[in-house]
Amino acid sequence: MKRILIVSAAMAAVMLLTGCSTTVTGIDVPESMTVEVGQAVDLAVNYTYKNENASDEKKAAAQSEAGVKLTSDSPAVTVAEDGTLTAAQGGEAIITVTSADGTLSDTCKVTVTVPLTGIALDQETLALAINGTESAKLTAAPVPAESTEPVDGVAYTSSNEAVATVAEDGTVTAVADGEAEITATLGEYTASCKVTVTTAPDGIKFGKASGSLTVGGSTTLKLYTTPSEAAAPDMSQVTFTSSDEDVATVDSEGKVTAKKAGKATITATYNGLTAEYSLTVNNKAAAPAGGSTAASGNGAAPSTNNGSSAPSTGGNTPSAGGSSGGTTPAPAPEQPAPAPDNGGSSGNDLPIINPGDEWDGSNAIIGGGGVFDSPDFDGPVIDR
């Protein structure tokens, strides 16, 4: 009877062991994993149990009781309530798995990759200038910008090396005025930049270095850039000044007006470059008395038709009023022609041009010394 009781007790113990519930004693997740941006994945969690022989139902109950929770330390990976991981952006995140009571935990490093879909250059257009910024470097960047794939081994080419060349590192150098396209190539991807090359002025100058005006006269100075390949100056950026505005003034367009006799220096400034024009202002010459000037004897008055006729000595040689020693008196000296009338000309005569004056193409006298610039001028050349 005693033996039967002992066997029954042993069988009951075995049944009690196999039928009881179990608990989670450990949590294990992969050390690392890589996913592509936009992907959603489940993190595999492995459990260890106090009773590994427990049924699947008992183990599931133990997992539920453990109540593990997933957290992310980076916006690269987000965690949903059901534990699903989503790769939100390129980068890395540490995912921590922790039991509800905090006694069990493990971590997994998740790397999110962003595939390359193209390349782009940091500049779509580039302006270079001889005598200025003659070179600049282009840099290729990934598309999208957050791509985690490296942009290495980009090849650069120029469509017109006579205008601009490009080095292996993307440095573009100006050669001559014109346009060229720089192309960057990486595998199947390309990007381009339009390059415009101009020649920047290294100096400015007036058409003449000096000249003269009469009081009340005026002229507009013409400004040029050097070298000849350089673009013409932007007159809105040119400033003009006079060293003595009592003698001469100058406006924003380079028009100089003579005020009183004297000397003044007109200075033009353009993008740090300067040019000077030396001006002399003279008083107006007094007009000579009109009419005829009688010569000795009965000679005729000189002609003043156009200011260029030589005077006539006219008539007979006057008598000295008798002789002494048989000497014939010397003829009377020629009288000088009167100065031309600067009041203009009449009919079809050309105007009077004084040294240093400029002609504006009409019958008016204008102050000279500056550069005569009239694209419509087709009159005669006045040789001064």
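Which residue in strand 8 does Ser 72 stand opposite? The points below take up this pairing and then turn to other parts of the chain.

1. This is a predicted model, in which local features need pLDDT of at least 70 and side-chain atom pairs count only at pLDDT 80 or more, while totals for chains, interfaces and linings use all residues. Residues are numbered from 1 along each chain as its sequence is written, and side-chain values use heavy atoms, with hydrogens and water left out.

2. The protein chain has two helices and 29 strands, where helices (H or I, at least four residues) and strands (E, at least two) are DSSP runs numbered from the N terminus. Of its 384 residues, 28% count as buried; buried means under 20% relative accessible area, exposed means over 50%, and partly exposed lies in between, with a 1.4 Å probe and protein chains only.

3. To answer the opening question, Ser 72 stands opposite Ile 95 in strand 8. Strand 5 (residues 69–72) and strand 8 (residues 91–98) run antiparallel and are joined by four bridges, and two strands are said to pair if DSSP finds at least two bridges between them. Ile 95 also has a bridge partner in strand 9, namely Cys 108.

4. Strand 8 pairs with strand 9 (residues 105–113) in the antiparallel sense, over eight bridges. These two strands form a hairpin with six residues between them, and in the turn Gly 102 has a positive phi of about 80°.

5. The side chains of Glu 92 and Lys 109 meet in a salt bridge at 3.6 Å, N to O, a salt bridge being a side-chain nitrogen of Lys or Arg within 4 Å of a carboxyl oxygen of Asp or Glu. This pair links distant parts of the chain, since Glu 92 is in strand 8 and Lys 109 is in strand 9, 17 residues apart. Glu 92 is partly exposed, with a relative accessible area of 45%, and Lys 109 is likewise partly exposed, at 36%.

6. A polar atom of its side chain lies 2.9 Å from the backbone oxygen of Glu 92. Leaving aside neighbours within four places in sequence, Ser 74 is in contact (heavy atoms within 4.5 Å) with Glu 92 and Ala 93.

7. An open sheet is formed by three strands in the order 3-7-6, with antiparallel pairing. Strand 3 (40–42) and strand 6 stand at the edges, each with a single partner strand, so one side of each is left without a neighbour in the sheet. Strand 6 is joined to strand 7 (residues 84–87) by three bridges, and Val 77 stands opposite Ala 87 in strand 7.

8. By the rule given above, the count comes to three salt bridges. One of them joins Glu 179 to Lys 194, with the closest N and O atoms 3.7 Å apart. Glu 179 lies in strand 17 (residues 178–186) and Lys 194 in strand 18 (residues 189–199), so the pair ties together parts that are 15 residues apart in sequence.

9. Thr 225, in strand 22 (residues 223–226), counts as buried because its relative accessibility is 12%. A polar atom of the Thr 225 side chain lies 2.9 Å from the backbone oxygen of Ala 231.

Note on methods
Polar contact = N/O pair within 3.5 Å; in protein donor to acceptor, adjacent residues only side chain to side chain.
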